[in-house]
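Subject: Structure for your files

Hello,

Here is the structure I said I would send. My notes on it follow below.

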There are 4 protein chains.
Amino acid sequence: MTSANPAYVLTLNCANRPGIVAAVATALFEAGGNIQEAQQFDDTATHRFFMRVVFDVAADIAIEALQQAVTPVAQRFGMGWTLRPKGAKRRVMLLVSKFDHCLADLLYRWRIGELPMELAGIVSNHPLETYAHLDFTGVPFHHLPVTRATKMEQETEIWRLFQESGSDLMVLARYMQVLSDGLAAKLPGRCINIHHSFLPGFKGARPYHQAHARGVKLIGATAHFVTADLDEGPIIEQDVERISHADTAEDLIRKGRDIERRVLARAISFYLEDRIILNGNKTVVFTG
Amino acid sequence: MTSANPAYVLTLNCANRPGIVAAVATALFEAGGNIQEAQQFDDTATHRFFMRVVFDVAADIAIEALQQAVTPVAQRFGMGWTLRPKGAKRRVMLLVSKFDHCLADLLYRWRIGELPMELAGIVSNHPLETYAHLDFTGVPFHHLPVTRATKMEQETEIWRLFQESGSDLMVLARYMQVLSDGLAAKLPGRCINIHHSFLPGFKGARPYHQAHARGVKLIGATAHFVTADLDEGPIIEQDVERISHADTAEDLIRKGRDIERRVLARAISFYLEDRIILNGNKTVVFTG
Amino acid sequence: MTSANPAYVLTLNCANRPGIVAAVATALFEAGGNIQEAQQFDDTATHRFFMRVVFDVAADIAIEALQQAVTPVAQRFGMGWTLRPKGAKRRVMLLVSKFDHCLADLLYRWRIGELPMELAGIVSNHPLETYAHLDFTGVPFHHLPVTRATKMEQETEIWRLFQESGSDLMVLARYMQVLSDGLAAKLPGRCINIHHSFLPGFKGARPYHQAHARGVKLIGATAHFVTADLDEGPIIEQDVERISHADTAEDLIRKGRDIERRVLARAISFYLEDRIILNGNKTVVFTG
Amino acid sequence: MTSANPAYVLTLNCANRPGIVAAVATALFEAGGNIQEAQQFDDTATHRFFMRVVFDVAADIAIEALQQAVTPVAQRFGMGWTLRPKGAKRRVMLLVSKFDHCLADLLYRWRIGELPMELAGIVSNHPLETYAHLDFTGVPFHHLPVTRATKMEQETEIWRLFQESGSDLMVLARYMQVLSDGLAAKLPGRCINIHHSFLPGFKGARPYHQAHARGVKLIGATAHFVTADLDEGPIIEQDVERISHADTAEDLIRKGRDIERRVLARAISFYLEDRIILNGNKTVVFTG
């Protein structure tokens, strides 16, 4: 999938009607683009059309020229669309709490270049020494303790940091606080949470204890966009592992850590590569 | 796991205290038994102990001698227990409705000897011609149509057939009727249902449509013992498969058939091999 | 994915260069086509481009008009291509031997319409009574016994049946005979075999016994196109299941049956839906 | 599985004959032991018996008393056996090379107590600065560069460090050097390697490139004990993930990292909990 030429990712969605693919492909071709990958989805229930195109162009073609090529097509079909240089790094802010397995995992994947992002900051309601064995070099750390009484002020500060750091995405990497409706409403499709159950089973608190009490034979984790409805946001990615009667709730927590970190990492990766498009309360994920 | 000598399966459960394994193993040894397999589980939450032992004995030792050897141990520890010749076939009655993928699958596994059971009968609320391409040779078929008004009479007839046929286990192989509390109460730990979702998510009707509407990324199936609480009985086995946004509800139904039939077949197999012991509203499943 | 209008599936492959998608999409649009699905793959190692497009047209547009629309594009880019009405059933000949689990499974999926194919015939080196409990209604059965001395004649007869029945695809559904190079050479990309191991591990005979002897912790199955090199043909689909030290070779055979039948069914389904394109000794499989 | 009393793990293996379980259970009971878990395996091919027992005793009972209780039983049946306090930490030496994903993962699991081991040292043929973002606090690091000419001296030094540090287990955590036969021979059942393929497929170098060239649809990783025969040692654990034609060799390397690290972590965990017993060139793994 490599190319000497600069590549771009175009995503779009609109009401479905004939000619969309031809119009988009022709516009890109006439602007000098060579399509490397294209994925599309036609939601026959809602008659909505979704597409993701990766293409490259000669080095002397500016993104503005591409935007000008796409704009009339987008207007004709009433598209929502995004166009970004492929590999351009999004800025991500991580919110964490005491459990740091997702945080450690994301930091590692970031350092070796597996997750193409810039870490705009780490916010925790626990102090820096909680993470003494993790290397935060190059990433601003913000200790923002929270109580019920100070939650509004703390969230205001989170929002300020998010904006001032130019963040694109907020990730709740086992952040054990529920975002207020107000903050959630500012981040539609831009805030990813990892819930430690296979939703919609075991919503709410202590899902591994719920799973143990119910006697399920598989446990899972779910990465989803945060909405005002707790644990009801659009699901991005899920996975499970087999357990047995012999597993205690503590065993589930241990086994669950592995599921949580890989599910969250995959969901973030999909986001960073412009693979996710919202479709009402669901997601289209072009996993390629 | 083969042996020229006759083999037996002993299952037991009791409050946990020291000396159980020693007492059981010694009693079996002194009765001439050679343990082939043994599995145990100590539920540290309830302090209950569960064990399954497979052992063989010389051909001239009768099961009565083995029962006499186990009885005093069982009395001393207050055990619930079962002792059966290994491979002795249980009698199974299948209840089905229009969809016959589980039925066809179970029939096949039965014919080739993969499921060591006798089929005591097939009960359907649809007529025989519904299953024109399946071979019921050697299995009594009973057409018992049901309406809301005749449900009590129909269930009475099912129960009569179950008893008269000497059935041990009732299997709801995509039987689209809910058993009444009264019938369910007669079959604790002896009636297995396959629910076409990964419980506790998507209880009730049309779970694949629920799953499609929620936008989950995995679908599943659950085999469980039937209790008066619909979809709340002890879970025996579960499995899942990956889906995507592109799958319609109909695609989920198709993919789900494969999950349903293998989950149900596994659960029945566990039952037939005395691998399941009830533990309150959960199961201990010694999968070996 | 349903549409009141007739739909078609176009597959194509050619050397990669700019403008292919635009040219194809424009040609289809101008011929009245509305693209429902499109998938493409650009093999950056070989610079070869692969595409599958599903589109619908108004009922009064004939396939010849579509062919005329595609032909000049295909010529310009030097494409190999196919165009077929979506859902048009391919004719499939099954070759089987003693073990009939794949056969029974394929028959069932065919009857309920899950596999959109016509069964052109079943060929076995065992007599009809081997399959007494399977319903072959509507499918010609041919008993073609084979010995080393008669292999050439038997294969000649198979080939004659394949041609006379208008078959498109030959499926070796646990057919325990190796096709001669000569017969294999007549069926490039048109003969699918199920090998009962996770290739390239455990080629050749008795793979479950090999797996047991090696002590692997997962077993698998592989569906692949048949070529003159035994077990070396292009792989279409694979899957695995977990096993343990406690599983005997016989247990592996039993567990393997489930893997074999679902892997083979998936591979055939991909073929019937024009989802497979050969790429040298590999396959492009647009699983959608 | 918790107990206020000290617990012990007993493993044993011997030729199979009647009375083993009774003798062991009785000896433990008479010594004051209460069995928490017991697993056994009777290899019917080799007539060898394997067992793992976890039991607790009153705090005033010394391990010597338990050893005295087991010894006569072990002698009577000709057992190989081990007895260790449950949770007693084994000392582990890690050998690494440039790729540090397994190393980072093992360090994390060690720090949070998920892997109950002491890290006796980290040996690398690359200098300390290679791992600038990992925290080696409390773990001796040894830079032992190696060339073909100095391999013997380097291995001698590794062996010296292993012995002097009192290490029980050597782990090749993506150590890209092949151990000499001489060093391998000193560590039977005490040196675990992670091979980045689903063995026995793709032995030797660059397995992901081999997998890409062959066009497999799943990739895997294998943790095994090191023997003189490269990639032929007893397999402890394996896992796989699905890939597609669109994955480049580089994609396989990236996806493979996740498989490698979880397979290696599981294998080490099994070792640390005395769950692995060698059975010729295979392993018995009591995964519980």
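In chain B, strand 9 and strand 10 (residues 218–225) run antiparallel and are joined by four bridges. Strands here are DSSP runs of E of at least two residues, helices are runs of H or I of at least four, and both are numbered from the N terminus. Two strands count as paired if DSSP finds at least two bridges between them. One such bridge in chain B links Asn193(B) to His224(B) of strand 10.

Before going on, the conventions: this is a predicted model, in which local features need pLDDT of at least 70 and side-chain atom pairs count only at pLDDT 80 or more, while totals for chains, interfaces and linings use all residues. Residues are numbered from 1 along each chain as its sequence is written, chains are lettered from A and ligands numbered from 1 in the order in which they are written, and side-chain values use heavy atoms, with hydrogens and water left out.

Strand 9 of chain B also has strand 8 (residues 169–172) as a partner: these two run parallel, with three bridges. There, Val171(B) has Ile192(B) as its bridge partner. Five of the five residues of strand 9 (residues 191–195) of chain B are buried, so the strand is largely enclosed by the rest of the structure. Buried means under 20% relative accessible area, exposed over 50% and partly exposed in between, with a 1.4 Å probe and protein chains only. Cys191(B), Asn193(B) and His195(B) point one way from the strand, Ile192(B) and Ile194(B) the other way.

In chain A, an open sheet of seven strands has the order 7-6-5-8-9-10-11, with mixed pairing. Strand 7 (141–143) and strand 11 (235–242) are its edges, each pairing on one side only. Neighbouring strands are turned by 20° against each other on average, direction ignored. (Axes are lines fitted to C-alpha atoms, for helices over the stretch in contact; angles run from 0 to 180 degrees between N-to-C directions.)

Helix 3 (residues 101–111) of chain A lies across strands 5, 6, 8 and 9 of that chain, at about 160° to strand 6. Helix 7 (residues 249–272) of chain A packs on the sheet too, touching strands 5, 6, 8, 9, 10 and 11, and makes about 150° with strand 11. Contact means heavy atoms within 4.5 Å.

The same surface serves both copies, as 96% of the contact residues of chain A recur in chain D.

Regards
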